[in-house]
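Here are my notes for a first look at this entry. Please keep the structure open while reading.

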Amino acid sequence: MTLIESTSGTLKDPAVVPPGLPIQAKTPVQRSGRRAPVDTHTAIPVLDVTIPVFNEERDLEECLRRLHGHLRESFPHGFLITVADNASTDSTLKIAERVARELPELAVVHLEEKGRGNALRKVWLASPSPVLAYMDVDLSTDLAALAPLLAPLISGHSDLAIGTRLTRNSRVVRGPKREFISRSYNLMLHSFMGARFSDAQCGFKAIRADVAQQILPHTMDNSWFFDTELLVLAERCGLRVHEVPVDWIDDPNSSVDVVRTALADIRGMVRLTRDLVSGRIPIPELRAALARGPLPASSRTAEQNPRSSLFGQLVRFAAIGAASTLAYGLIFLFCRGFMDPQLANFLALLVTAIANTGANRRFTFGIQGGNPARHHFEGLIVFGIGLALTSGALALVHSTTTPDRWGELLTVVAANLAATAVRFLLFRLWVFRQPAAQATVPTTQAKTRTETAAS
């Protein structure tokens with residue numbers, strides 16, 4: 001990667017932090033739970049806005065001049081605009097370098113690899129500015145939203161800020177296909193990954209550099225899923241994400257393949273879920289280094305567990321249940337080939353019940369650590385209820401008729417589905433219910449720290 005600085009014409013090779021490095025020291029957080037405000041009285045540009053581009057010779061110059069003029073008029077601190085050229089094959093790079101020779105606040109980065117995520121990761125990790133932002137070259141988002149996007153980061157109130165097109169106060173002009181795909185994708189993020197941000201893919205975001213330096217090395221996506229990965233990690237690490245409703249007009253000439261991008265995002269969700277489950281991303285360590293201290297309001301259970309939403313739990317429970325039912329049916333048919341139907345039912349239900357309890361513990365109710373042995377023991381009690389229902393159904397159907405194996409399978413599957421509602425209620429209200437005492441631990445710990453400091 002080569003950075004061309006328009007002010008000096010020199011070249012430098014900034015060091016990019018590789019993944020896997022030890023977690024840095026805890027980012028300073030004041031007692032109130034806020035981060036320290038950004039020092040704006042410095043020669044270093046307070047803001048670095050990155051514009052990732054690939055073959056954008058038609059729109060680039062107008063974008064740069066419009067953004068530069070807006071920042072000169074409305075942003076009261078030093079700023080830098082960085083064009084990140086992702087292996088363009090047209091005259092995009094030449095246009096950027098020409099404009100950079102005219103505008104002193106403009107820098108150009110040329111990368112040999114394509115991908116928005118790759119460009120943002122490399123440019124942000126190399127930037128000296130304390131506040132980092134990016135926006136798409138078409139400037140679909142009204143620049144009037146830039147000031148409210150940056151203000152909470154500069155003040156220390158928030159860690160990330162995103163523009164959102166999916167709130168009631170946003171004003172958006174775009175086609176129904178994009179609207180449907182966008183809302184469906186965000187619904188999936190909320191349902192399956194427990195996300196709380198409203199719009200993952202709006203090309204209008206900002207982040208504090210002290211936070212970015214610790215999170216970015218753990219991101220892997222080099223393309224459009226980078227935004228989602230960054231936001232999911234931020235929420236898992238206990239960071240505050242500020243949302244700004246935007247006015248947004250779709251670019252009809254956009255070269256983005258919406259359907260292909262959506263499919264890539266779904267694959268990214270699967271990969272990120274696997275990374276989180278396997279522990280590749282050290283969430284506990286990152287959370288210890290970055291999370292803001294708990295406030296008294298955080299003793300509320302709904303705020304302690306972002307996965308406590310009933311709708312989200314139902315969706316995740318249903319997805320896991322569908323997979324469990326399929327596995328149950330296959331195991332039952334296999335075992336039924338050489339054993340009694342009641343024994344086949346017992347083994348199939350036992351295997352899937354153990355896997356089902358573990359999956360619901362981790363994904364549906366978002367529980368990590370704690371006492372998994374207790375949860376599995378209580379899950380086996382719930383399994384006993386399901387066994388009673390399915391065994392009773394089998395006994396009943398055999399007492400009234402002589403069913404074939406498909407008839408037996410239909411009977412036990414129907415009984416298993418009937419037991420699912422009972423299983424969900426028991427999981428939610430008993431097995432995975434968070435004790436009230438546990439919810440008040442952060443407040444108690446905060447009180448102890450305060451008393452210690454006072455003494």
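The points below go from a strand pair to the cores and then to one helix.

1. A caveat comes first. This is a predicted model.

2. Start with strand β5, residues 106–111. Of its 6 residues, 5 are buried. β5 pairs with strand β4, residues 79–86, in the parallel sense. The pairing runs over 6 bridges. Within it, Ala-84 stands opposite Val-109 of β5. To get from β4 to β5, the chain passes through helix α2, residues 92–102. This β-α-β crossover is right-handed.

3. Next, the largest nonpolar core. It holds 41 residues. Those touching the most other members are Leu-47, Ile-51, Leu-71, Met-135 and Leu-150. At least two core residues come from each of β3 (47–53), α1 (60–74), β4, α2, β5, β6 (131–135), α4 (146–155) and β9 (204–208).

4. Now look at helix α4. Its buried residues are Leu-146, Leu-149, Leu-150, Pro-152, Leu-153 and Ile-154. What covers them? The cover includes β3, α1, β6, β7 (160–164), β9 and β10 (241–245).

5. Leaving aside residues up to four places away in sequence, Leu-150 touches Leu-47, Phe-75, Val-131, Ala-133 and Ala-206. Nonpolar side chains tend to be buried together in soluble globular proteins.

6. Finally, see what comes after α4. Gly-156 follows the helix, and its phi is positive, near 95°.

Technical notes: Residues numbered from 1 in each chain as written. Predicted model: local features only at pLDDT ≥ 70, side-chain atom pairs only at ≥ 80, totals over all residues. Heavy atoms only, no water. Buried < 20%, exposed > 50% of the residue type's maximum accessible area, 1.4 Å probe, protein only. Helix = DSSP H or I, 4+ residues; strand = E, 2+ residues; numbered from the N terminus. Pairing = 2+ DSSP bridges. Right-handed = clockwise from strand over helix to strand, strands pointing away. Core = buried A, V, L, I, M, F, W, Y, C linked by side-chain atoms within 4.5 Å. Contact = heavy atoms within 4.5 Å.
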